[in-house]
Amino acid sequence: MRQGCPYGSHRVLEPVGSLPQAAWKVDHTRPIYDNEMLIDVTTLNVDAASFRQFKETAEANVGAGKEKLEAEVGRLLMEVVNTRGKLQNPVTGSGGMLLGQVAELGEKVQGRDGLKVGDRLATLVSLTLTPLAIDEIKAVRLDADQVDITGHAIIFASGVVAPLTGDVGERLALAVLDVAGAPAQTARLVQPGDTVFIVGGGGKSGMMCTAMAREAAGVTGNVISMGHSDASCQRLAELDAADIILQGDATNALETMRQLEAATGGEKADVTINCVNIPDTEMTSILCTKPGGTIYFFSMATSFTRAALGAEGVGSGATMIVGNGYAPGHARVALNMLKTHAKLAEILTRMYL
Ligand SMILES: NC(=O)c1ccc[n+]([C@@H]2O[C@H](COP(=O)([O-])OP(=O)(O)OC[C@H]3O[C@@H](n4cnc5c(N)ncnc54)[C@H](OP(=O)(O)O)[C@@H]3O)[C@@H](O)[C@H]2O)c1
């Protein structure tokens, strides 16, 4: 069996010498190397910012009909995978996760995580570094950012995976695991008594962060969650975890700051968590956070330049944290939330099953 690098550099085609995440193109072909796991893929959970971009491009190409849109999103996705050997959206740079079953284990990864051929799993490493080949697109679920396919993926020795035990529906598990880093980081960042502001609070990660912030801030804390559309605000009302629900456009920084201040009697947030799937919301997060507070940019549409220069421009010394998708124990935290937060589980089940 061929010997591979633990971080997958042996799969990089372009540019030579880079690691798979930074690579433009990776080799997704079989056979596998000694430190790899081959997965028969059944579902892709496409990152929300990426899926939105695919949908917008598809709409521009073919118009608004559901079937035409589904077909076009599938075609665009296939084109990226065929070109790059992985699902990394060239515009947003983001990927997603996958669901599948173990097809083969290399010599060096026999028995890892207790897995054997045929076991079902979700990957916790990004599709942006996962060699992937799609044979067929079987279904595109426009409302869930998920795509059913037949194909294969390759996971390196260093890639984290979550075996699926069957106690949570697979599509729901995949959706929740995709954003598992967000509630786990919220639990670390929010202290009792904090004022917490969640931007994009009515989305998947936003609702999880709102529920987690409620728990971590305690009865003396103040959790303010902001939705955009009527639908996401209604989800937040049903979730019943935020003290205050705001509705607005997070690309309008001054207006959002005024809304927050009006709702809190002039107070800004100790911790702001940005969970939107659109660009240009950095200044909202900065202006709504105390100068000595903390901003967690979970959104993949965040621009480092806009955040850094924007904070400098308004004299904010807030600590800004890059939304690392990994946090120790994040998968357990996320899946456990489905057991401990009945309303969250109910809403997400409706959205993703
Ligand atoms: N850091 C990481 O490792 C990591 C991992 C996975 C995902 N992500 C990123 O996390 C973000 C959230 O993912 P998700 O799956 O939770 O997405 P999601 O379920 O699609 O939620 C995104 C939310 O953003 C809201 N939004 C859109 N436009 C807005 C606006 N103008 N003002 C205020 N809110 C607006 C949407 O509200 P409406 O529906 O009402 O418009 C929606 O509720 C995405 O950017 C995704 O790429 C990061």
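**The domain contact**

Reply: In domain 1, 11 residues are in contact with 11 residues of domain 2. Two residues are in contact if their C-beta atoms, placed from the backbone, lie within 7 Å. On the domain 1 side, helix H1 (residues 48–62) gives the most, with three residues. That side has six nonpolar, three polar and two charged residues. Here Ala, Val, Leu, Ile, Met, Phe, Trp, Tyr, Cys and Pro count as nonpolar, Asp, Glu, Lys and Arg as charged, and the others, Gly among them, as polar.

The model is predicted: local features need pLDDT of at least 70, side-chain atom pairs count only at pLDDT 80 or more, and totals for chains, interfaces and linings use all residues. Numbering starts from 1 along each chain as its sequence is written.

Domain 1 covers 9–168 and domain 2 covers 181–352. These bounds come from an automatic or database domain assignment. Taken over C-alpha atoms, the two domain centres are 28 Å apart. Helices (H or I, at least four residues) and strands (E, at least two) are DSSP runs, numbered from the N terminus.

Now the ligand. Its shell has 30 residues, and the closest are Ala48, Gly203, Ser229, Met300 and Gly325. Domain 1 and domain 2 each supply at least three shell residues. H1 and H5 each give at least two. The largest share, three residues, comes from H5. By class, the shell has 10 nonpolar, 16 polar and four charged residues.

H4 spans residues 181–189, and seven of its nine residues are buried. A residue is buried if 20 or more other C-beta atoms lie within 10 Å of its own, exposed if 12 or fewer, and partly exposed in between, with C-beta atoms placed from the backbone. The buried residues of H4 are Gly181, Ala182, Pro183, Ala184, Gln185, Thr186 and Leu189. Their cover includes helix H5 (204–217), strand E12 (269–274), strand E13 (289–297) and helix H10 (330–340).

E12 and E13 belong to an open sheet. Six strands make up this sheet, in the order E11-E10-E9-E12-E13-E14, with parallel pairing. Strands pair if DSSP finds at least two bridges between them. Strand E11 (244–247) and strand E14 (319–322) are the edge strands, each pairing on one side only. From one strand to the next, the twist averages 15 degrees. For that angle, axes are lines fitted to C-alpha atoms, for helices over the stretch in contact, and angles run from 0 to 180 degrees between N-to-C directions. Ile224 has Ile244 of E11 as its bridge partner.

Next, strand E3. Seven of the 10 residues of E3 (residues 37–46) are buried, so E3 is largely enclosed by the rest of the structure. E3 runs antiparallel to strand E4 (residues 96–105), joined by nine bridges. Asp40 stands opposite Gln101 in E4. E3 also runs antiparallel to strand E7 (residues 146–155), here with eight bridges. Asn45 has Gln146 of E7 as its bridge partner.

Some backbone details remain. Glu14 and Pro15 are joined by a cis peptide bond, with omega about -15 degrees. Pro15 sits in the loop between strand E1 (12–14) and strand E2 (25–26). A cis peptide bond also joins Arg30 and Pro31, with omega about 5 degrees. Pro31 lies in the loop between E2 and E3.

Then come the positive phi values. Asp145 is not a glycine, yet its phi is positive, near 60 degrees. Asp145 lies in the loop between strand E6 (132–141) and E7. Asp145 counts as buried because 25 C-beta neighbours lie inside 10 Å. Asp280 is also not a glycine, and has a positive phi of about 70 degrees. Asp280 is found in the loop between E12 and helix H8 (282–287). Asp280 is partly exposed, with 15 other C-beta atoms within 10 Å.

Key. Near = placed C-beta within 6 Å.
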